[in-house]
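Dear colleague,

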Amino acid sequence: LGRDKISDIIIIRLENGVDHYLEVRGEYVASCMGNYLDYLIRQPEPIHKNAEPLSSNSPHLLSIPKEIWRLVDALSKFPNYQDLFTEDGN
């Protein structure tokens with residue numbers, strides 16, 4: 001749930017040369033990107049902690065996902081960015 005192992009072998013073939021084998025391994029950690037809001041509000045902890053989601057009728061559901069709460073909280077604590085969403089970034 002949320003953590004998948006990635007393992008593969010890449011073969012690099014050189015023209016008139018030796019084949020080189022490169023083993024690649026990793027672990028996928030879930031993030032809030034690409035998840036539905038109704039799934040995120042059922043998470044008892046931030047999604048990267050890989051907790052079992054609450055049922056949709058649980059009394060402990062959040063009204064906003066933790067990840068969005070942290071983003072909005074940071075924007076409200078540092079309001080020095082005038083025209084944050086109306087100007088192009090650089």
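**Charges, overall form and selected residues**

The chain carries 9 positive and 14 negative side chains, and the centres of these two sets lie 9 Å apart; here Lys and Arg count as positive and Asp and Glu as negative, with His and the chain ends not counted, and the place of a charge is taken as NZ of Lys, CZ of Arg, CG of Asp or CD of Glu.

Please bear in mind that this is a predicted model, in which local features need pLDDT of at least 70 and side-chain atom pairs count only at pLDDT 80 or more, while totals for chains, interfaces and linings use all residues. Residues are numbered from 1 along each chain as its sequence is written, and side-chain values use heavy atoms, with hydrogens and water left out.

The chain has two helices and two strands, which follow the order β-β-α-α from the N terminus on; helices (H or I, at least four residues) and strands (E, at least two) are DSSP runs, numbered from the N terminus. The radius of gyration of the chain is 21 Å, whereas a compact globule of 90 residues would have one near 12 Å; the radius is taken over C-alpha atoms, and the globule rule is 2.2 Å times the number of residues to the power 0.38. Taken along the principal axes, the C-alpha atoms fill a box of roughly 60 × 40 × 15 Å. Of the 90 residues, 9% count as buried, where buried means under 20% relative accessible area, exposed over 50% and partly exposed in between (1.4 Å probe, protein chains only).

Leaving aside neighbours within four places in sequence, glutamine 43 is in contact (heavy atoms within 4.5 Å) with Ala51, Pro53, Leu62 and Lys66.

Proline 53 belongs to the loop between H1 and H2 and counts as buried at 18% relative accessibility; its C-alpha atom is separated by 4.7 Å from that of glutamine 43, ten residues apart along the chain. Serine 58, in the loop between helix H1 (37-40) and helix H2 (66-77), is buried with a relative accessible area of 14%, and a polar atom of its side chain lies 3.2 Å from the backbone nitrogen of histidine 60.

Finally, asparagine 16 lies in the loop between strand S1 (3-13) and strand S2 (19-29), where asparagine 16 counts as exposed at 81% relative accessibility. Asparagine 16 has a positive phi of about 55 degrees although it is not a glycine.

Methods. A polar contact is a pair of N or O atoms within 3.5 Å; within protein, one must be able to donate a hydrogen and the other to accept it, and residues adjacent in sequence count only if both atoms are side-chain atoms.
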